[in-house]
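Hi,

Here is the structure I promised to pass on to you. My notes on what turned up in it follow just below.

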Amino acid sequence: MLGKLMKYDLRSNFRTLLPLWLTTHGLAIVYSLLYGSRITPSSAVGRFLLIVLPAIVLVLLLGAMFTIALVYMVRGFSRGLLGQEGYLMFTLPVTPTALIASKALSALVIELLTGVAAGLCCMVLLTCNSTWAELLGFLQEIWTSIGPGIQEHPDVLPRLCVVFVGMLFWLLALNLHTYLACSVGQLSGKHRKALAIITFCAITILLGKLLPAAFSLFDLLPSSGGLRDGSLWALVIIPAVLCTIYFFATRLILARRLNLE
């Protein structure tokens, strides 16, 4: 059932995000071709229309990609579970656990795909002054240069994998952090948004006090390098603990104190 819920959430998000991604990539290709063709209009208006304006629009579209992904992360939970759609969602034969997990994981997928889309746009823009063959050759040279270093330090790739997993947990923790704030906010009835913002800020301030102490505890652990580095695993364990706390606190509120009025 979790897969079906995620499929429903992703499909509704892709209806808006997919055209935006395609438009951004298309503009990036057009700008790359215009800039790479060395066309220099004689008038200032022509230079603005062919060079400056596409660059401005492209930057705005890249910003819009991340903004919309963030908006969907918040709105998908607040409207999908705490708004009018909540009446329908909570009548389905699923538990609050599955509903919260589907929203959080769907938002994580959207955030990752948005990052990939932005990265591809940047790669397209790198071809302004070079061809794809030259870019691939440059990437091959980089890999050739770092290859011996990886062979000398075989723990580099596992450490990078741990860092990547930690990044996923931090993104998931951000989503669940927001969902917990929204869940607390809905308890106030008419002042939902105000209480949600206050709760989000209060949790953030509390984390600012507690996280340095938590990381310092891992620094005290004996470290022999590689994957036995305590500070490395702190990047995974700490956000995983936060995800667990946020998730079960949100589930408790939705299961016992849900207010859809």
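**What I found**

In the protein chain, 77% of the contacts with a separation of 6 or more are between residues 24 or more positions apart, a contact being heavy atoms within 4.5 Å. Before you read on, please note that this is a predicted model, so local features need pLDDT of at least 70 and side-chain atom pairs count only at pLDDT 80 or more, while totals for chains, interfaces and linings use all residues. Residues are numbered from 1 along each chain as its sequence is written, and side-chain values use heavy atoms, with hydrogens and water left out.

**Overall layout**

Of the 261 residues, 36% count as buried; buried means under 20% relative accessible area, exposed over 50%, and partly exposed in between (1.4 Å probe, protein chains only). The accessible surface of the protein chain is about 15,400 Å², and 73% of that belongs to carbon and sulfur atoms. Those areas come from the Shrake-Rupley method with a 1.4 Å probe, and for residues only the protein chains shown count as cover.

**The cores**

A nonpolar core here is a set of buried Ala, Val, Leu, Ile, Met, Phe, Trp, Tyr and Cys residues joined through side-chain atoms within 4.5 Å. The largest one has 32 residues, of which F77, L176, Y179, L242 and Y246 touch the most other members. Helix 2 (44–78), helix 4, helix 6 (156–185), helix 7 (192–219) and helix 8 (230–256) each supply at least two residues of this core, and helix 8 gives the most to it, with eight residues. Apart from this core lies another, of 16 residues, including L10, A28, A117 and A118.

**F77 and the aromatic pairs**

Rings of Phe, Tyr and Trp (its six-membered ring) pair if their centres lie within 6.5 Å; planes under 30 degrees apart count as stacked, over 60 as edge-to-face and the rest as tilted. That rule gives three aromatic pairs. One of them is F77 with Y179, which is stacked at 4.3 Å centre to centre with 10° between the planes. F77 lies in helix 2 and Y179 in helix 6, so the pair ties together parts that are 102 residues apart in sequence. F77 is buried at 0% relative accessible area, and Y179 is buried at 1%. F247 and F248 form an edge-to-face pair, with 5.5 Å centre to centre and 85° between the planes. Here F247 counts as buried at 14%, whereas F248 is exposed at 52%.

Not counting residues up to four places away in sequence, F77 touches residues including L82, I100, C182 and L254.

**Cysteines and S106**

Searching the whole structure for disulfides (cysteine sulfur atoms within 2.5 Å) finds zero. C182 is buried, at 13% relative accessible area, while C201 is partly exposed, at 39%.

Finally, have a look at S106, which lies in helix 4 (residues 96–126) and is buried at 2% relative accessible area. Its side chain reaches the backbone oxygen of S102 at 2.6 Å. Leaving out residues up to four places away in sequence, S106 touches M6, D9 and L10.

Best wishes

Terms used:
Helices (H or I, at least four residues) and strands (E, at least two) are DSSP runs, numbered from the N terminus. A polar contact is a pair of N or O atoms within 3.5 Å; within protein, one must be able to donate a hydrogen and the other to accept it, and residues adjacent in sequence count only if both atoms are side-chain atoms.
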